[in-house]
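Reader: I have a structure to look at and some questions about it. Can we go through them one at a time?

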Amino acid sequence: YQWFVEAADLVEETNPDKAADMLAEAIAAGIQSAGPELQEAAERLERLPRSDDPFRGLVLAQSLNSAASIGGSGDQAARFRQTVANLDEVAPSLDSPLELFWVGRAYFMVGRNADASLVAARAVRRAREGQATGLLPQLLRLLGSADFDRGEWMTARAAAAESAELADELR
């Protein structure tokens, strides 16, 4: 946690986007301890200028939403839902398995399981083409979870089984 905060300190004036990325990482690490420093990082992130990049906006909105949730507040939920809705315009043009994973995960977090499944399946195809084979277990886990919540039991089971198998192999 502290390393990310210190990295944000170093670049905040010259590169606020990078500082925001570092604070988002600090929040992700700070969730493990859920101490008062988590809210401090979230407040600091909130004060930074907003990025026009929808992918970066998603990551930052997820961080703020997570910090608020851990702190016992739902204040960021509406903002997060709007950020996810804004992804509908850019999601079809995304090609990176990692970016598709983040979008699919965001859809899953707000209960858009059919969309999460479609995006995750697309990301799995891209990853299988050699772009990110190490990400496959997570992508398959997302696909399995989204399909499970949609009642698509067979595909959920297949994705989950393959995810577990690949995770063991890549360990």
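Reader: Which helix holds Ser 163?
Author: The model is a predicted one. Ser 163 has its place within residues 153–170. That stretch is helix H9.

Reader: Is Ser 163 buried or exposed?
Author: The relative accessibility of Ser 163 is 8%. Buried means under 20%. Ser 163 therefore counts as buried.

Reader: Which residues is Ser 163 in contact with, leaving aside neighbours within four places in sequence?
Author: Neighbours within four places in sequence are set aside here. What remains for Ser 163 is Pro 137, Leu 140 and Arg 141.

Reader: What is the relative accessible area of Ala 127?
Author: Ala 127 lies in helix H7, residues 113–131. Not counting residues up to four places away in sequence, Ala 127 touches Pro 97, Ala 132, Thr 133, Leu 136 and Leu 139. Ala 127 is buried, because its relative accessible area is 0%.

Reader: How far apart in space are Ala 127 and Thr 155?
Author: In sequence, Ala 127 and Thr 155 are 28 residues apart. From C-alpha to C-alpha, the distance in space is 18 Å.

Reader: Which helix gives the most to the lining of the largest pocket?
Author: The largest pocket holds about 310 Å³ of space. Helices H2 (16–30), H4 (54–70) and H6 (97–109) each supply at least two residues of its lining. With six residues, the one that gives the most is H2.

Reader: How many residues of the lining of the largest pocket are nonpolar?
Author: The lining has 14 residues, and Ala 24, Ala 28, Val 59, Ser 63 and Trp 102 lie nearest the pocket's centre. Three lining residues are polar and three are charged. The number of nonpolar ones is eight.

Key:
Residues are numbered from 1 along each chain as its sequence is written. This is a predicted model: local features need pLDDT of at least 70, side-chain atom pairs count only at pLDDT 80 or more; totals for chains, interfaces and linings use all residues. Side-chain values use heavy atoms; hydrogens and water are left out. On a 1 Å grid over the protein atoms alone, a cavity is a set of points where a 1.4 Å probe fits but cannot get out, and a pocket is an open set with protein on both sides within 12 Å along at least five of seven lines; lining residues have an atom within 4 Å of a point. Grid points are joined across faces, edges and corners, and a volume is the space filled by probe spheres set on the points. Helices (H or I, at least four residues) and strands (E, at least two) are DSSP runs, numbered from the N terminus. Ala, Val, Leu, Ile, Met, Phe, Trp, Tyr, Cys and Pro count as nonpolar, Asp, Glu, Lys and Arg as charged, and the others, Gly among them, as polar. Buried means under 20% relative accessible area, exposed over 50%, partly exposed in between (1.4 Å probe, protein chains only). Contact means heavy atoms within 4.5 Å.
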